[in-house]
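Open the model in your viewer and keep the sequence panel beside it. The tour below goes from one selection to the next and says what is there.

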Amino acid sequence: MLLLIGTLITWGADPKIEALKADRKFFTDASCRELKKGVKPQDLAAFQSELLKTVATGMLNRSYDRTYRAAWYEAYPSPRELGKTLKLGEGFSRYENITGIYLEAGEHVVLLGKTGGKQLSLLIPYWMRKPAKGVDPAKDPNGWGLERQEIPLKEGVNLINVTKGGNAYVSYFDDDSKHAPKVTVHFPTGQVNGFFDASKHTNEDWDRLLNQAVSPIMDVRGKHIQVAYPVEWFKVHTRSKGVELIRNYDAMLNHHYTLMGLVKYKKVPRNHILARVNFNYYMFRDEDGVAYYGNREVMRLVADPSVVIKGDPCWGFSHETGHVLQMIPQMTWGGMTEVSCNLFSLYTVGMMGNESRLKAQKNYASARKKIIEANPKRSYLAEADVFDRLVPFWQLHLYLSRNGRPDFYADVMEQMRRRPDAGSGNDAIRNQFEFAKICCDVSKLDLTEFFERWGFFWVGQLKVEDYGKYDYNITQAMVDETKSYIAKKKYRKPSADLTLIEG
């Protein structure tokens, strides 16, 4: 759970603030990013603030590097905007606008340009938080979540107090991000740590950033991924391989976006999914993204580019990010939380050249025995093994992809994005029947027999525990309405028994 350390900011007639405000007249705007034309060295004597006098001196002699200290920041789509366009909620990074600035504990100045009325804040997460000495990390009473300090920013001078030193991020999200203005944020205090941007940096830049780091954490940004791992382990596992690491992370997420139709329908978000360090548990996903334990071995699994795309590391990353991208409740009605996320795992692990886990674990035979051959008949949702439960959903992909429709799920999920969910809570089971209809419409096939055999049309009371309790009342009327809908389309039947397909 995310914990806010608090908001600490000073306003009012503080002499430091008044001096900073007075010296803004020498600059083109409130961010003090540029000196006005005509300002000369002899004007420095008129400065009231030693800080801005130092900044101006650097600008005049061209030694002041604005790359990180005074940068422009753009708004990212808010969770509300993503929910509207992609049917996805929380899960993307809250730390999109990486500043490359490390703020030590204590007082700092932040200068903010015109915001057009938009709300911005400064985030300082405590990436390296560890359980108290003697506490079992997995049972930490403070939880596993990421603590952070959040400080609201106003146009002009902000005199802030940082409680714990850390990397700084500008929080700037908007419900209409495309039309939100760019905003300048200037950090005349603090240290430059920099960050690695895979779109413009090389492995030589990577090594330089690691060698010069003043923070224990290095920020990394790719096209789809954002990473915050310890510099210590990057130096061990990723020396001269930063480009390759981020390329592999981006490739895995691109496969996710392909499966769900965001590539085909040109809806891939600008937002990134965050992978960070933690000191409580091997691997988990929460509202701040995916977290990995910060020791040598686990960091090797996620920071060595040759390892992260293979076997369990590839599956683990794909599974946890699959949780971020699974549509709820349309692909994740109660009983599907650990199922629909693994559609992403199976697809991406396979596309990265790995063996199918369903095949290796012999889940196809197991699922047929426990669900299709069961007497009396049962629903796939009644099966405890989530991998067995996954089989019918993956068989649909296997059959359609082998018959000219590799974008089957891309079209299915796009149809789901275009229509409201069919129900939630104890009524969420209606999404199962909506899913069956959409699958038939997208494939132009009558899949009634397939769904029948896997227990999608099982009738009765079904209690499901899935991070919550669901009490489903599956009626004959629901089944009859779905079968009637499919029958009226007069689609042809599949040319093979889909329940026998493996891969």
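Helices and strands are DSSP runs, at least four residues long for a helix and at least two for a strand, and they are numbered from the N terminus. With that numbering, select strand 20 (460-465) and strand 21 (469-474); the loop between them holds Tyr467. The model is a predicted one.

**Stop 1: Tyr467**

Most residues other than glycine have a negative phi. Is Tyr467 buried or exposed? Exposed is the label for a relative accessible area over 50%. Tyr467 has 70% relative accessibility, so it counts as exposed.

**Stop 2: the whole chain**

Now zoom out and show the whole protein chain. It has 18 helices and 21 strands. Along its principal axes, the C-alpha trace spans about 90 × 45 × 45 Å. The chain has 503 residues, and 57% of them are buried. Consider next the contacts between residues at least 6 apart in sequence: 74% of these join residues at least 24 apart.

**Stop 3: Cys32**

Select Cys32, in the loop between helix 1 (15-23) and helix 2 (50-60). Cys32 also has a positive phi, about 60 degrees, without being a glycine. Buried is the label for a relative accessible area under 20%. Cys32 is at 0%, and therefore counts as buried.

How many disulfides does a search of the whole structure find? The search finds zero.

**Stop 4: helix 5**

Select helix 5, residues 203-212. Which of its residues are buried? They are Asn203, Asp205, Trp206, Asp207, Leu209 and Leu210. To see what covers these buried residues, show helix 3 (66-69), helix 6 (231-237) and helix 7 (242-259), which are among the covering elements. Strand 14 (196-197) and strand 15 (217-221) are also included in the cover.

**Stop 5: helix 10 and helix 11**

Select residues 311-325 for helix 10 and residues 337-351 for helix 11. The axes of these two helices come within 8 Å and cross at roughly 130 degrees. The crossing of helix 10 with helix 11 is right-handed.

Next, show the side chains at the contact. On helix 10, colour Cys314, Trp315, Ser318, His319, Gly322, His323 and Leu325. On helix 11, the residues in the contact include Thr337, Glu338, Cys341, Asn342 and Phe344. Further residues of helix 11 in this contact include Ser345, Leu346, Thr348 and Val349. By type, the contact residues of the two helices are seven nonpolar, eight polar and one charged.

Cys341 is in no disulfide, and its nearest cysteine sulfur, that of Cys314, is 14 Å away. Cys341 is buried, with a relative accessible area of 0%.

**Stop 6: two cis peptide bonds**

Follow the loop between helix 10 and helix 11 until you reach Pro329. The peptide bond joining Ile328 and Pro329 is cis, with omega about 5 degrees. Most peptide bonds are trans.

Then go to the loop between helix 13 (363-372) and helix 14 (386-402), where Pro376 lies. The bond from Asn375 to Pro376 is also cis, and its omega is near 5 degrees.

**Stop 7: helix 7 and helix 11**

The axes of helix 7 and helix 11 come within 9 Å and cross at roughly 125 degrees. Helix 7 and helix 11 are therefore oblique to each other, and helix 7 passes helix 11 in a right-handed crossing. Met252, His255, His256, Thr258 and Leu259 of helix 7 meet Leu343, Phe344, Tyr347, Thr348 and Met351 of helix 11. This contact has six nonpolar residues, four polar and no charged.

**Stop 8: Thr348**

End on Thr348, in helix 11. What does Thr348 touch, leaving out residues up to four places away in sequence? It touches Met252, His255, His256 and Ser318. The C-alpha atoms of Thr348 and Asn254 are 8.8 Å apart, and these two residues are separated by 94 residues along the chain. Thr348 is buried, with a relative accessible area of 0%.

Conventions
Residues numbered from 1 in each chain as written. Predicted model: local features only at pLDDT ≥ 70, side-chain atom pairs only at ≥ 80, totals over all residues. Heavy atoms only, no water. Axes fitted to C-alpha atoms, helices over the stretch in contact; angles between N-to-C directions. Left-handed = near helix turned anticlockwise from the far one by under 90°. Contact = heavy atoms within 4.5 Å. Nonpolar A, V, L, I, M, F, W, Y, C, P; charged D, E, K, R; others polar. Disulfide = S-S within 2.5 Å. Buried < 20%, exposed > 50% of the residue type's maximum accessible area, 1.4 Å probe, protein only. Parallel < 35°, antiparallel > 145°, perpendicular 65-115°, else oblique.
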